[in-house]
Structure formats: C-alpha cells, structure tokens
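Subject: Handover of a two-chain model

Dear colleague,

Please find the structure below, followed by an account of what was found in it.

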Amino acid sequence: MTDVLQSAARVAQPSVAREDNAEGMEFLETWKRRLVFTYLPLGLIVLVLLFPFYWMALTAVKPDEQLLDMETYNPFWTWNPTLKHINKLLFQSNYPKWLWNTMYVATAATALSLFASVLAAYALVRLQFRGAQLVGGLIFLAYLVPPSILFIPLASIIYQYGLIDTPMSLILVYPTILIPFATWLLMGYFKSIPFELEESALMDGATRWQILTKIVLPLAVPGLISAFIFCFTLCWNEFIYALTFISTTGNKTVPVAIVNEFVDGDIYRWGALMAGALVGSLPLVILYTFFVEHYVSAMTGAVKE
Amino acid sequence: MTDTMVGRSMTRPEMREPTQWERLKSNRDWLGFWFMMPTAVLLGLFLAYPLFLGVWLSFTDTKIGRAGKFIGLENYDWLSDDKVFWLSVTNTLLYTVVASAAKFAIGLYLALLLNKHMPFKAIVRAIVLIPFIVPTVLSAIAFWWIYDSQFSILSWMLKKMGWISVNINFLGDPWNARWSTIFANVWRGIPFVAITLLAGLQTVSPALYEAATLDGATGWQRFRFITYPILTPIIAVVMTFSVLFTFTDFQLIWAMTRGGPVNATHLMATLSYQRAILGGNMGEGAAIATAMIPFLLAAVMVSWFGLQRRKWQQGVGND
C-alpha cells in the first residue's frame, strides 16, 4: 500500500519540475538543464549547419599554399587572406556574365510568374467561377510534379520551339515551378482581405480590373514581396533545366557554370571554386537578411494552406 | 452576379437593358476564364503537355535528333533486366527513406528547441534557414571539398583526434559515398522541416501544456498527446514535400558524385539524365523518369489519406 502511494507520489511530484517546452513555464527549469538540453544541442546543430559556409568562405580567401598544407598552417583560420581567387573570378572569367544571366532569368521568370499568379489567385479566390475548386486543386497538383520527370520531354519541346540554348527557354519553363507555389501563397493573402472592400467598390461601379489593381494588390504587398523573394530564390537555385537546355558557355547560369566550367579534370581549383560558390550565394543571402520575415511567411504560408 | 446588378442600378439613374458586352464583362465565368489564361497557357504548355509527352516518349525509341517509333514496353522490358537501373531504384529508396526520416527527426527536434524562450531567438531562427537559401549546387560543391579524398577537413580533424590513421575516402567508396550524399541532403533539408514545423508549434496554445503539467503529464507525454496530434496535419504536408523532393533529387548528386563511384550513388533522376541527355536515348531516359511516377503517387496518397483521417477525427469543418 505504502509502496503504491510512494510510487504515485514519485510520478506526480517531480513531473512538474522535470522538463518543459512551453512558454511561460520556463522558470521551472534550472539554467543547468537549459544549458545541457537546449543550448548545447542547439549550438551543435547550428555549428553543423553553418560549417560548410564557413569553410567555403575561408577557402575562397586562403592563399594557395595554405589551401592544401594543413600541417604548417592552421586550417581553420588564415592570417593573410587574399582576394586573388575572387579577383580572378570577377575579372578573368565569364563569371560576371553568368551572374548576369542568372539574375536576368530569375527576374524575368519571377515577374512572369507573379503576373500569372496574381490573376489566377484573384480569380480563384474572388471570382468563384464555375470549376474554381477543381482548377485550384489542379494547380496544387502541379506543385507536386517535380522537374526531374519533366526535363526529358521538355528538352524535346524546347528544341522543337527553337528555344534550345536561350535564356528564354528558362524564363518560360521556370514559371511551371513558381506559379503553383505563388498562386497558393497569394490565395491565402487575398482571402484575408475583407470582401466588403471589394463589394463597396463594385457598388461604386469599379471594374474587376480596377478592384484588383487599386484595392487588392496594394493590400497584398507583403504577400507579393514574400512570393517574389521565394520565387527569385527558387529560380536562382534551379539546376536541372538550366543544365539540360543551355550548352553555350556564355548563356549558362551560375549553378550550372560552376559545376561544368570550373571543374577541369584533376587540377581542382578549390580556391576559385569556393570563391564562385560564395559569390553565387551572396546575392541571395543579402536579399534574405533584408526580408527574413517575408521569407519565413512564404515558406510556412504555402505549407499551411 | 447579384452584386453587379445592384451596382449597376445604383450608379445609373436611367434604367435600360444592359448590352450583351456589359453582361459579358461582369460574367464571372467569362472573367475567370481570362484571368486564368496566362497560368493555363504556361502550365499547359510546359507542365501538363510534357508530363504526357514524357509517358509517350517512354514507349518510343526516340534518340536525340531522331524522332522515335512506338515500340510498346520494350524500354521497360530492357530496364527490368538492367542491374544499374535496379541499383538506382534501391539507391533512391534508401536515400529517400533514410534522409527523410533523419530530416524529420532532427527537424522536429530543432523546431522544439527553437520554440523555447531564449535570447536572440529571431537571429538563431534566421541563421538556421541559411542552408535553405544558398543554392543547393553551391553548397553541394562546398561539401564536395569537405569530402575531398586527400584534403578533407573532416579526415584531418579525425586524424588529429586520433580516431583514424588514413584519410576517409568519402566519395570514392560506394557505401561511404551513399552516406556522405545522404548527410548532405539531410543537412540541406533540415531548415525547411524545422522552420515549417516551428510555425505549426507556435500555434499550439501554452494553456494546453500548463493544464497537462498540472495534471502531472511528463515532458514526453505532453509531446506525445498534445504537440504531436496538433502537429500531425502540418507534419503530413511537410513530409510529403520532403519525400517528394528527396525522391526526385538530382542536383546534389550531380554536383558531388555524378552517380559514381561505379553507379553507386545513381538516383533514378541522375540515371535518367545520364541515359537521356548524355547518352542520347531519350526513350529509355523517359522510361526511367516515368517509373518514378508510381512512387510519387504512392507518397502523395499516403499523406492525403493520413490527412483525411486526421480531419475526420477532428471534425470535417475544422481545418
């Protein structure tokens, strides 16, 4: 009998102070527990997540002789960083051209996708035309079709249209990845705009187009920014289509060019390669730091829908 | 329809029959059709049509620069005897199962950690997402350098700690290469899983945890009976995407190993690229790509029915 009572007490009593992952109850946790169970694992994960970038950046500025000699120099730091690799990249290679191509394709494809998505999302949310539900479902399904099963037939289609090896092929194909995502994201934003606003505009004789451009879009600016940033990042990141469609060196995008143009046989130019990867990532990272919240809402918003 | 009728009679004092054009202009179906036009054209031409064309190509012997003839199931027949193809299928399954499970476990753990109160929470959360922002190929190149057979920093560290005496041949040995690429994929996928699950966690009311704690629930019980059931729908969606993108992964493998050593890391996507674009056998490549579709459908179905069951348990209108 006492046994049972004791064990019951043991279960009930310490459980209050035992562990906790809710806000507001954290005063129950000692700082030692927090250190071991929160900060330590978190620190470890963040360290692993960031190390490749540190290594990338460090390699990009290391002088060549320190790059491969890990015994005489401490591999984790360099006291005499050099801009040689980055300099070579920017002034003695096609890199600026590739950066420009990537930027051009990403901007154009994103703009095209946003235009189409805004119209589609508005129609699906507010016009409620016959079959809107079905069309919305189809667009969601389109989101689930991966590029890996499309690139072969697309290559032959692009070839037939005479677009092979042009940036235009990418500008037209990337929207297939972006539109489904952007439409679903924007639908969420459009739904949150009060319908009464549109109703009163309709009463005053505004056309649908006027409502869209003068009422809905200004109110959905955060959503547009989220969609824009996310689409832009997806374009920048895209690889398989760019690899398949583009063959001329001067037309390549950064990811494809790095994989194909920088790797020459056995002489691994690690400094230049890492510099290329670093410079290719920087624009996105800079964009990201300015719009973190938009970015997160784009990512989570599309999933929540 | 009714609101436009009301609007017209309010703005125009004199009553007259609306012309055919005016009627059309406010017709929802007609407007909807034109609003959907750009999307329909782009998705139709570059998504729906290629999807069907891909399946059709898999039944032909199309080569690059030569239109193919219908050859029925010959490509599939050929593939069913192809050891490399089956190797790529098992690789893809291994890659998907292991990487998705790891992404889920670590991602959920990271989300739970990030959901706690701590200083600089916003900054930590922002940092965690960086692997997701940086283009996959570029981080894959960084991993390639980290996994270098001679100058790998990992080998160097392990040697300094005295755990190994010879460099690990990360990408040169079949199993090492598989685990190395899986690790890189997990590394790339964790931020997405963690941040989306974190968004789900933030919707859980702290009152639930407080009530459970007062009732004597342990940390595990609170996770199992509060956090997990509430998170299930978002977990299903996130993991569907994660599984889908892992299964069809191409760029990470292509940037790091190109399917080597000796086809040990070929996924179905990389193999189909190699056969169709580099080898020129479009038909055969398309057959490999088409063979991925049943797996993808299965993954989507599982999560779809999981979600439906969830909805049914929670009441239909409640989502």
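Domain bounds here come from an automatic or database domain assignment. For chain B, that assignment gives domain 1 (16-57) and domain 2 (73-314). The C-alpha centres of these two domains of chain B lie 37 Å apart.

Two remarks on conventions are needed. Residues are numbered from 1 along each chain as its sequence is written, while chains are lettered from A and ligands numbered from 1 in the order in which they are written. The model is predicted, and local features need pLDDT of at least 70, side-chain atom pairs count only at pLDDT 80 or more, and totals for chains, interfaces and linings use all residues.

Chain B as a whole

Chain B has 15 helices and zero strands; helices (H or I, at least four residues) and strands (E, at least two) are DSSP runs, numbered from the N terminus. The radius of gyration of chain B is 27 Å, well over the 20 Å that the globule rule gives for 319 residues, so chain B is more spread out than a compact globule. That radius is taken over C-alpha atoms, and the globule rule is 2.2 Å times the number of residues to the power 0.38. Along its principal axes, the C-alpha trace of chain B spans about 95 × 70 × 35 Å.

Of the 319 residues of chain B, 40% count as buried. A residue is buried if 20 or more other C-beta atoms lie within 10 Å of its own, exposed if 12 or fewer, and partly exposed in between, with C-beta atoms placed from the backbone. One example is Gly200(B), which counts as buried because it has 22 C-beta neighbours inside 10 Å. Gly200(B) lies in helix α10 (residues 174-201) of chain B. Leaving aside neighbours within four places in sequence, Gly200(B) is in contact with Leu231(B) and Ile234(B); two residues are in contact if their C-beta atoms, placed from the backbone, lie within 7 Å.

The domains of chain A

Chain A is divided into domain 1 (2-81) and domain 2 (89-304). Seven residues of domain 1 of chain A are in contact with six residues of domain 2 of chain A. On the domain 1 side, the largest share, four residues, comes from α2(A).

Where the chains meet

The contact between the chains takes 89 residues from chain A and 84 residues from chain B. On the chain A side, the largest share, twelve residues, comes from α2(A). The residues of that side divide into 62 nonpolar, 18 polar and nine charged. Here Ala, Val, Leu, Ile, Met, Phe, Trp, Tyr, Cys and Pro count as nonpolar, Asp, Glu, Lys and Arg as charged, and the others, Gly among them, as polar.

The nonpolar core

A nonpolar core is a set of buried Ala, Val, Leu, Ile, Met, Phe, Trp, Tyr and Cys residues joined through C-beta atoms within 7 Å. Of the 156 residues in the largest such core, those that touch the most other members are Tyr122(A), Leu186(A), Ile258(A), Met274(A), Ile141(B) and Ala194(B). The largest share of this core, 16 residues, comes from helix α5 (residues 95-127) of chain A. Beyond its neighbours within four places in sequence, Met274(A) is in contact with Met56(A), Thr59(A), Ala60(A), Ala142(B) and Trp145(B).

Yours sincerely
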